[in-house]
Amino acid sequence: MPTRKLTYLQAVNESLHQILEEVPESYLLGEDVGAYGGGFGATAGLIEKYPGRVLETPISEAAITGIATGSAIMGKRPILEIQFSDFLTVAIDQLVNEAAKIYYLSNGQEKVPMVIRTASGSGTGAGPQHSQSLENWLAHVPGLIVAMPSNPYDAKGILLAAVKNNNPVILFEPKSLYKKPSDIDIPEELYEVELGKAKLVREGSDLTVIALGRMVDIIKNMDVNPSLNIVDPVTISPLDIQGLLKEANKTNKVLILTESIARSGISAEIFTQLYEAGFKGTMKRLGGKFSPISAAKSIEENLIPTQEEIKQAIEELMHEN
C-alpha cells in the first residue's frame with residue numbers, strides 16, 4: 001500500500017474526501033465548511049467536488065447538532081464540524097439529551113450514526129473560550145463514543161470507523177497538532193483505526209506513560225533517561241482498560257498525562273479503573289491546572305503539564321518502590 005507523510009489536517013481532509021466518495025449516505029455540515037474550507041481548512045475542496053453534500057450552516061451549534069441528529073435517524077451519516085470544542089457547550093442539550101439517548105429511549109429501534117469533529121485544546125494562543133479540553137464532560141455521558149486521535153494516521157483512520165459506527169461519535173482533534181510535520185507514513189487508501197482500542201506508541205521497560213492527544217506528541221519527543229513505554233488510549237469512552245492494564249503491568253510504574261484539567265478529569269478515571277482492574281504498582285497523574293486558558297503564550301504554556309513537571313514526575317516514580 002503506497003504511503004507518504006501528511007500533516008494532521010491534510011490527513012483529515014483526505015479522509016473526508018475518500019469517505020464522501022465511498023460512503024453514499026455521508027454528508028458534511030457546519031459553519032464555513034464550504035467555500036472557506038472549515039474553521040482550519042479540514043474541509044477544503046469538498047464543496048466543489050460534492051456540492052450537494054456539503055452544507056454551509058448558520059452560526060447555531062444547537063440547530064446544526066439537531067439537524068445532524070434527525071438526519072442520522074432518517075438513514076444519513078452526517079459529519080458535523082464544530083469549529084472549536086468550546087462551542088459544544090452550545091450544542092450540549094441536543095447532544096446529551098437527544099442524540100445520546102435516542103437508542104435507549106427507542107428500546108434500540110433507532111440509531112444515531114453521526115460524527116462530530118471538533119478542534120480542541122490549547123497551544124495556539126486562542127484564549128479562554130477557544131482553547132479548552134472538554135473531553136472529560138462528554139466521556140461522562142452514556143450513549144456517546146469519545147475519541148482523541150493524537151497523530152495523522154489515527155486521525156485519518158478513526159474518522160472512517162466513526163462514520164461506520166451506529167452511535168454518536170465525537171472526535172476531539174488537538175488543533176496544536178494540525179499543521180505540525182509528522183514522520184508517520186500515511187497510506188493513500190482509506191483504512192480504519194479501531195474505536196475503543198489503546199495503541200502502544202513506543203515500547204519501553206522502565207515506566208509506562210499513558211498519554212492523551214497532544215501529550216502523546218510531547219512525551220514521545222522528550223529526552224529522558226528511563227526507558228518509556230508510551231501508550232495512547234485513543235478512545236476515551238469506552239476506555240480500553242484491559243489494554244492499558246497490560247501495558248501498565250509491564251513496568252509496574254505509570255504516569256498518566258492529559259492536557260485537560262486534572263481535577264475531576266479523565267486521568268482520575270484511568271487511575272481508578274486501573275486499580276479496580278487489579279494494578280498493584282505505583283501511579284501519578286499530571287493534567288491541566290484548574291484555570292481558564294490564557295491567550296498569553298507564556299501563561300498558556302504553563303497551564304498544561306510542562307516538560308519540567310513531567311521530568312520531575314518521572315523521577316519521583318523511578319525512586320518509588
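Buried means under 20% relative accessible area, exposed over 50%, and partly exposed in between, with a 1.4 Å probe and protein chains only.

**Entry 1. Ground rules.** I am working from a predicted model, where local features need pLDDT of at least 70 and side-chain atom pairs count only at pLDDT 80 or more, while totals for chains, interfaces and linings use all residues. Residues are numbered from 1 along each chain as its sequence is written, and side-chain values use heavy atoms, with hydrogens and water left out.

**Entry 2. Salt bridges.** I searched the whole structure for salt bridges (a side-chain nitrogen of Lys or Arg within 4 Å of a carboxyl oxygen of Asp or Glu). The search gave 14.

**Entry 3. Helix H9.** I looked up Lys-250 and Glu-247, whose side chains form a salt bridge at 3.0 Å, N to O. Both residues sit in helix H9 (residues 241–251), 3 residues apart, about one turn of the helix. I noted that helices (H or I, at least four residues) and strands (E, at least two) are DSSP runs, numbered from the N terminus. Lys-250 is partly exposed at 38% relative accessibility, and Glu-247 is buried at 8%.

**Entry 4. Glu-14 and Arg-4.** I found a salt bridge here, with the closest N and O atoms 2.2 Å apart. The pair links distant parts of the chain, Glu-14 being in helix H1 (residues 8–22) and Arg-4 in strand S1 (residues 3–5), 10 residues apart. Glu-14 is buried at 17% relative accessibility; Arg-4 is partly exposed at 22%. I also found Arg-4, Glu-14 and Lys-156 linked in a network of salt bridges.
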